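Subject: Structure for your review

Hello,

Please find the structure below, with the sequence. Notes on what was found in it follow.

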2 protein chains.
Amino acid sequence: MDKSICPRFEKAMGFLSQRWTGMIIYQLLSGPQRFCTIESSVGVSGRVLSERLKVLENEGIVKRDVYPETPVRIEYSLTDKGLALEPLMKDIEKWSQNWLDA
Amino acid sequence: MDKSICPRFEKAMGFLSQRWTGMIIYQLLSGPQRFCTIESSVGVSGRVLSERLKVLENEGIVKRDVYPETPVRIEYSLTDKGLALEPLMKDIEKWSQNWLDA
DNA sequence: GTTAGTTAGTTACTTTATGTAAGTTAGTAT
DNA sequence: ATACTAACTTACATAAAGTAACTAACTAAC
């Protein structure tokens, strides 16, 4: 192994390329959302969504807010660190529109 | 499931978020390379590298050239479609430098 | 001509990640 | 007490990835 690649880049790529992580972040770009909304709009299973949100929260990319209503409302949203991924998401959008057929 | 997300975006995200795919493309941005070079610099196993290169070739993102030397030299490189992913890779680079610690 | 060396894979098998569906917790409301 | 809801979690099955050994095709050395 050569491993001449920047470790920060590798780390970023490491979790961005976990299945569903990108879609979850993309979905949250449209605003704070609750668990079940992300689950159904992205099409990810609750088991994995729960796992991913924990990682993203630990990384400081996603924030979790609890509103003690009835029933409880828990909203997930992007932090500044998460919002900083927007240009990247836009690039994927652009690329897909330019190079993939509908 | 809502699935209001653009299907082209989903497709792009679908294979960009396969493990190793991003790293392979990033590595190929530095020029045409042979199988064993990608394998060692990226740190991906031959089994998976072989699988990914096939997908990327089918998608028209990577090109495979055979030079019948001794021993045979086979070089993988990015097509225009693949090179068009450069801005995206640069965004990941920038983000990782701004938001991750070394 | 047989043994060895090289790159580019593939195969068989193990470990890890994800999908699926049922269950749990907490807080009302009936 | 029973039922309803959101947000998870757990147990179990399937799919993807890691590992190491193996094959193919070619050449070179002995």
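Of the atoms of DNA strand D within 4 Å of the protein, 69% belong to sugar or phosphate, and the rest are base atoms. For DNA strand C, counted within 4 Å of the protein in the same way, sugar or phosphate accounts for 68% and bases for the rest.

Before going further, the conventions. This is a predicted model, in which local features need pLDDT of at least 70 and side-chain atom pairs count only at pLDDT 80 or more, while totals for chains, interfaces and linings use all residues. Residues are numbered from 1 along each chain as its sequence is written, chains are lettered from A and ligands numbered from 1 in the order in which they are written, and side-chain values use heavy atoms, with hydrogens and water left out.

DNA strand D

A residue is called near a strand if one of its heavy atoms lies within 4 Å of it. There are 21 residues around DNA strand D, and those that come nearest are S50(A), R64(A), Y76(A), R47(B) and R52(B). By class, the surface near DNA strand D has eight nonpolar, four polar and nine charged residues. Here Ala, Val, Leu, Ile, Met, Phe, Trp, Tyr, Cys and Pro count as nonpolar, Asp, Glu, Lys and Arg as charged, and the others, Gly among them, as polar.

At least two residues of that surface come from each of α3 (35-43), α4 and β3 (73-78) of chain A and α4 of chain B. Helices (H or I, at least four residues) and strands (E, at least two) are DSSP runs, numbered from the N terminus.

Polar contacts are pairs of N or O atoms within 3.5 Å; within protein, one must be able to donate a hydrogen and the other to accept it, and residues adjacent in sequence count only if both atoms are side-chain atoms. Those to DNA strand D include the following:

- R34(A): a polar side-chain atom lies 3.2 Å from a sugar or linking oxygen of DNA strand D.
- I74(A): a backbone N or O atom lies 3.3 Å from a phosphate oxygen of DNA strand D.
- W20(B): an N or O atom in the side chain is 3.1 Å from a phosphate oxygen of DNA strand D.

DNA strand C

Around DNA strand C there are also 21 residues, of which R47(A), R52(A), S50(B), R64(B) and Y76(B) come nearest. The surface near DNA strand C divides into eight nonpolar, four polar and nine charged residues.

The side chain of S50(B) has an N or O atom 2.5 Å from a phosphate oxygen of DNA strand C. For I74(B), a backbone N or O atom lies 3.1 Å from a phosphate oxygen of DNA strand C. The elements giving two or more residues to this surface are α4 (46-58) of chain A and α3 (35-43), α4 (46-58) and β3 (73-78) of chain B.

How the two chains relate

The same surface serves both copies, with 98% of the contact residues of chain A recurring in chain B. The superposition is by least squares on the C-alpha atoms of residues with pLDDT of at least 70 in both copies, and contact means heavy atoms within 4.5 Å.

D91(A) lies in helix α6 (residues 86-99) of chain A. D91(A) is buried, with a relative accessible area of 13%; buried means under 20%, exposed over 50% and partly exposed in between (1.4 Å probe, protein chains only). Not counting residues up to four places away in sequence, D91(A) touches P87(B), L88(B) and D91(B).

Sheets and a buried helix

In chain A, three strands form an open antiparallel sheet in the order β1-β3-β2. β1 (33-34) and β2 (62-67) of chain A stand at the edges with a single partner strand each, so one side of each is left without a neighbour in the sheet. Strands pair if DSSP finds at least two bridges between them. Q33(A) stands opposite Y76(A) in β3(A).

In chain B, β2 (residues 62-67) pairs with β3(B) in the antiparallel sense over six bridges, and the two form a hairpin with five residues between them. Five of the six residues of β3(B) are buried. In helix α2 (residues 21-28) of chain B, eight of the eight residues are buried, so the helix is largely enclosed by the rest of the structure.

Regards
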